[in-house]
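Look at the sequence and the structure below. The briefing after them goes through a few topics in turn.

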Amino acid sequence: MTFDWLDIVTTILGLVYIYLEYKASIWLWIVGIVMPAMDVFLYWRHGLYGDAGMAVYYTLAAIYGYIAWKWGSKLFNQKKQELPITHMPGKHYLPTFLFFALAWGATYYVLVRFTNSNVPLLDSFTNALSFVGLWALARKYVEQWLFWIAVDVVCTALYVYKGIPFKAGLYGLYVVIAVLGYFKWKSMMKQAAS
């Protein structure tokens, strides 16, 4: 087995990213611009076309996330200076699920119709749920961690199958950190409320 230097570098950046996300540090968005830009090439070379396309979206979403966290209170009409950690409002659940289902179906169709992907169902699943996860992260909803747990479990298996071992290990670690992050953010939210 040969190692891909992009696999190693993006894995290191991924560790930095998840640490910053766990700490709810705005700097996660800066790493979130660089890492997925490199991931585009890594995933494309390994036939994960959905993930390559998703990495382009991640880069653009990181710019949005930085703006939302930096100036979110003004953008979302809240009084506090920094966007607070909150629960996702109940009214968002149905539209979020519908968007996920539509994005999953559309991505699956594109992968089956226009690529030679041999994992279109899982590749499109992780992509669709990642759209939702990034949106929830940009809004600082605690539930974003639950979306990432599902994405990370599937990606771990997918990357093992596709021969990207460092990235697979990173996503396995992401599962653990996402579980811890969920409880950390809930605690931070309670502390901010009191």
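This is a predicted model: local features need pLDDT of at least 70, side-chain atom pairs count only at pLDDT 80 or more; totals for chains, interfaces and linings use all residues.

Does Ile67 count as buried, partly exposed or exposed, and what is its relative accessibility? The relative accessibility of Ile67 is 35%, so Ile67 counts as partly exposed, since buried means under 20% and exposed means over 50%.

- Ile67 lies in helix H3, which covers residues 49-75.
- Ile67 is one of the residues that make a nonpolar surface patch of about 440 Å².

- Gly65 has a relative accessibility of 0%, so Gly65 counts as buried.
- With neighbours within four places in sequence left aside, Gly65 is in contact with Trp29 and Ala138.
- Gly65 and Ile26 are 39 residues apart in sequence, and their C-alpha atoms are 8.6 Å apart in space.
- Trp69 touches residues from several stretches of the sequence, among them Ala24, Trp29, Glu82, Leu137, Lys140 and Trp185; residues up to four places away in sequence are not counted.

**The nonpolar core**

- In general, nonpolar side chains tend to be buried together in soluble globular proteins.
- The largest nonpolar core here has 53 residues.
- The residues with the most contacts inside this core are Tyr17, Trp29, Trp69, Leu134, Leu137, Tyr159 and Trp185.
- At least two residues of this core come from each of H1 (5-22), H2 (28-45), H3, H4 (93-114), H5 (120-138), H6 (144-161) and H7 (165-193).
- H7 gives the most to this core, with nine residues.
- Domain 1 and domain 2 both give residues to this core, so the core lies between them.

**Two loop residues with positive phi**

- Ala24 is found in the loop between H1 and H2.
- Ala24 is not a glycine, yet its phi is positive, at about 55°.
- Ala24 counts as buried because its relative accessibility is 15%.
- Lys140 is found in the loop between H5 and H6.
- Lys140 is also a residue other than glycine with a positive phi, near 60°.
- Lys140 counts as buried because its relative accessibility is 3%.
- Both Ala24 and Lys140 are touched by Trp69.

**The salt bridge**

- How many salt bridges does a search of the whole structure find? The search finds one.
- This salt bridge is formed by Asp39 and Lys167, and their closest N and O atoms are 2.9 Å apart.
- Asp39 lies in H2 and Lys167 in H7, so the pair ties together parts that are 128 residues apart in sequence.
- Asp39 and Lys167 are both buried.
- In general, side chains of opposite charge can pair when their charged atoms come close.

**The two domains**

- The domain assignment gives domain 1 as residues 1-78 and domain 2 as residues 88-193.
- The C-alpha centres of domain 1 and domain 2 lie 13 Å apart.
- The contact between the domains takes 35 residues from domain 1 and 36 residues from domain 2.

Note on methods
Residues are numbered from 1 along each chain as its sequence is written. Side-chain values use heavy atoms; hydrogens and water are left out. Patches are made of residues with over 30% relative accessible area and no salt bridge: like charges are joined within 9 Å, nonpolar side chains (Val, Leu, Ile, Met, Phe, Trp, Tyr) within 5 Å. Accessible areas come from the Shrake-Rupley method with a 1.4 Å probe; for residues, only the protein chains shown count as cover. A salt bridge is a side-chain nitrogen of Lys or Arg within 4 Å of a carboxyl oxygen of Asp or Glu. Helices (H or I, at least four residues) and strands (E, at least two) are DSSP runs, numbered from the N terminus. Buried means under 20% relative accessible area, exposed over 50%, partly exposed in between (1.4 Å probe, protein chains only). A nonpolar core is a set of buried Ala, Val, Leu, Ile, Met, Phe, Trp, Tyr and Cys residues joined through side-chain atoms within 4.5 Å. Domain bounds come from an automatic or database domain assignment. Contact means heavy atoms within 4.5 Å.
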